[in-house]
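Biologist: I should like to learn how to read the local features of a model such as this one. May we take them in turn, with the general idea placed beside each case?

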Amino acid sequence: MLVSLALALIPAIVVYTLIKNYFLLTSSIPGPFVARFTDAYRALLVYRRRPHEVHLALHKKHGDLVRLGPNYVSVTGSRTYVPQIYGIGKGLVKSDFYSVFQNVVNGRRAASLVAETDESAHAKSKRLIAHAYSLSTLVEYEGLVERTTVCFLDALEERFATTRGATGDKKSRPSQSLDLARYLQFFAFDVIGELTFSRRLGFIESGTDVDNIMAAIGANFSYFSVLGQMPWLDETLLGKNPIYVKYFRKSVSSPILIFAQRLLKERLEDLDGQDNTGGDDKNRQDPKGKGGESYNRPDFLTRFLKVRKEQMESHDEALSDGQILSYLFVSEQPKHPRLIIPSSSGPLKQSQSLCFSPSLLNSNLHEYQLTSFSFLSIKMNINAGSDTIASTLRAIFYHLLKNPTSLTELQSELDAAARDKKISVPCPTWVETQENLPFLCAVIKEGLRMNPALSLPLERVVPAEGLTLRHEDNTTTSLPPGTIIGINPWVFQRSTDIFGKDAERWNPTRWLTAEEKSTKSMEHSLLAFGAGKRSCLGKNVALLELHKLIPAMLLKFNMTLTHPDREWKVENAWALNQTDIEVNLSLRNPRRNPEES
Ligand code: HEM
């Protein structure tokens, strides 16, 4: 009797929910009919991997505001919307899309800065590490980026480039086309390793996806980007449900965590050496000793560890903050911290020793809080800074190769600047690029515009007082508290009112008009790095990487598409992932063989 009553109730509950959903927002916000009832619609779009294109088509059909879910509004078309949604002090916070990306560690949430939804916890964490990403530190990272760039160029020359002898004939070399999409991702991972640890992860040297790190991160994005459209599924049934976590989620190791942990451990051992021999920095007899170096390397880890040290010395209250505490991943054996992460990256291998340990704190809590804070920042760097860079580099090279006029113009600019000794070869410095390579800068902005690496709406939640969204014609739309609202940079950056009639086409010269140079109005409207206080912390580092690698590649190689008639393949799992960009390389200024001269 009870069972049949329950069964009869299910359809009633479903119908009630669908009707309730329908009335969550005013019907004056247009959109696909089915999206008024369920978020499954937008989840399906992401699952099919081309949501950005559908979002654009829907905005063309319905206008600046489109209802993509019962409680969800996508916005585009006017630059006036950006400060209303992302402006500091507006009170719109990150939605549960981001919570899905958080880990549960020993029963507590552990969020990287990107995925942090609690604004005060975010502010505390950001305050600790923001300096490491500031413009003033950029010059210190330049050498690290350059080291990886040179290694990358050498590997490509060795493995893929044909050269021409003095007579112009092709030297015999196994002609092998380069999988540029994959190699640019190798570069992106190795450079972030270099920036974070002063150590490459070995992708370029080995020419492989080391320990399947790329595949593991890709799998995470694929899973979470879909689930992020229906976060309640993650909350109630999957990743955050304690029963699921306890009985069904496999404890797995992540190669990237293992790698990061190993390097962190090595560095901490260096520092231990320092502490055992010299006390604190000021009193050290041998500041250039092993431990001294650990605090002097120009990488992110050094900066994070310095924060850790300062905090230990001052017993800063942030140490006892619950959020930082939740970053912990400690076991019974303090010398061997153990980790747990979501299982989408595959089963635990026998050879890998890291696994979940439910036992929590121990006498070394203080140290591990700090350590895990540093650790989370490191992991965040690798996640946030690898796929985004790879995606942007791929897009820029692809568009250049598909638009030979742009490619020729850029190479001419580079050649002239090199001939006049205005730039260093093979790697121009950041300052040189800004002062002498305007077309390069335009190409990079155009790449970021056409291909913002994160191409789903950057979701925010309307606060308790509601939001009255003002349009350019001064009319308004009222959105109730709890509405999820967001701008998809991929769609927004194709707005003709902002970027011109040809906004859907590649055209770097749009950035070089007198009007844009004086007003920078398009530049201020770029959303590739987000907007407001949650905008990309790594923007300066990202721009540095882009402005170093692209000219270095084009000064060294002639590049052509192996299959000029083919299109690339683009899949959107929040980060745009492109494949099928095969190129042929030849050296532009081959080193002369002494026998030839
Ligand atoms: C071209 C490359 C990159 C692009 C297009 C990009 C884009 C973005 C975007 C759009 C956001 C905001 C997300 C949101 O509002 O939901 C963001 C946040 C962030 N990015 Fe990047 N990013 C890039 C490279 C990097 C790099 C290299 C790093 C680290 C070295 C990094 C670290 C971060 C961090 C820490 C945040 C979170 C900031 C906060 O919430 O306070 N990003 N990025």
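**Salt bridges, ligand shell and backbone**

Modeller: Let us begin with a charged pair: the side chains of aspartate 39 and arginine 42 form a salt bridge, with N and O 2.9 Å apart. Please bear in mind throughout that this is a predicted model.

Biologist: Are aspartate 39 and arginine 42 buried or exposed?

Modeller: The cut-off is what decides: a residue counts as buried under 20% relative accessible area. Aspartate 39 is buried because its relative accessibility is 17%, and arginine 42 is buried at 4%.

Biologist: Which residue forms a salt bridge with lysine 548?

Modeller: The partner is glutamate 146, and the closest N and O atoms are 2.8 Å apart. This pair links distant parts of the chain, 402 residues apart, with lysine 548 in helix 25 (residues 539-556) and glutamate 146 in helix 7 (residues 138-160). Lysine 548 is buried, with a relative accessible area of 1%, whereas glutamate 146 counts as partly exposed at 29%.

Biologist: How many salt bridges does the count come to?

Modeller: The count comes to 21 salt bridges.

Biologist: Turning to the ligand, which residues come nearest?

Modeller: There are 27 residues around the ligand, and Tyr98, His122, Arg460, Arg534 and Cys536 come nearest. One in tyrosine 98 lies 2.4 Å from an oxygen atom of the ligand, and one in histidine 122 lies 2.6 Å from a ligand oxygen atom. In the side chain of lysine 94, an N or O atom is 3.2 Å from an oxygen atom of the ligand.

Biologist: What is the protein donor of the iron atom of the ligand?

Modeller: The only protein donor is the SG atom of Cys536, at 2.3 Å. Cysteine 536 is placed in the loop between helix 24 (521-525) and helix 25.

Biologist: Which element supplies the largest share of the shell around the ligand?

Modeller: Helix 17 supplies the largest share, seven residues. Both helix 17 (365-402) and strand 8 (458-461) contribute at least two residues to the shell. By class, the shell holds 16 nonpolar, eight polar and three charged residues.

Biologist: How is the length of a helix to be checked?

Modeller: One compares the expected span with the distance between the end C-alpha atoms. Helix 10 (residues 213-227) has 15 residues and, at 1.5 Å a residue, should span 21 Å; its end C-alpha atoms are 21 Å apart, so the two agree. Buried residues in helix 10 include Ile213, Ala216, Ile217, Phe221 and Phe224.

Biologist: What does the side chain of histidine 52 contact?

Modeller: The side chain of histidine 52 makes a polar contact of 3.1 Å with the side chain of asparagine 572. Histidine 52 belongs to helix 3 (residues 51-62) and is buried, with a relative accessible area of 2%.

Biologist: Where is serine 198 found?

Modeller: Serine 198 is in the loop between helix 8 and helix 9 (203-206). Its phi is positive, about 60 degrees, although serine 198 is not a glycine. Tryptophan 574 is another non-glycine residue with a positive phi, near 75 degrees. Tryptophan 574 lies in the loop between strand 13 (569-573) and strand 14 (575-579). Serine 198 is buried at 15% relative accessible area, and tryptophan 574 is buried at 5%.

Notes: Residues are numbered from 1 along each chain as its sequence is written. This is a predicted model: local features need pLDDT of at least 70, side-chain atom pairs count only at pLDDT 80 or more; totals for chains, interfaces and linings use all residues. Side-chain values use heavy atoms; hydrogens and water are left out. A residue is near a molecule or strand if one of its heavy atoms lies within 4 Å of it. A polar contact is a pair of N or O atoms within 3.5 Å; within protein, one must be able to donate a hydrogen and the other to accept it, and residues adjacent in sequence count only if both atoms are side-chain atoms. Helices (H or I, at least four residues) and strands (E, at least two) are DSSP runs, numbered from the N terminus. Ala, Val, Leu, Ile, Met, Phe, Trp, Tyr, Cys and Pro count as nonpolar, Asp, Glu, Lys and Arg as charged, and the others, Gly among them, as polar. A salt bridge is a side-chain nitrogen of Lys or Arg within 4 Å of a carboxyl oxygen of Asp or Glu. Buried means under 20% relative accessible area, exposed over 50%, partly exposed in between (1.4 Å probe, protein chains only). Donors are N, O and S atoms within 2.8 Å of the metal (3.2 Å for Na, K and Ca); water is not among the atoms, so sites may look incomplete. The expected span of a helix is 1.5 Å times one less than its number of residues.
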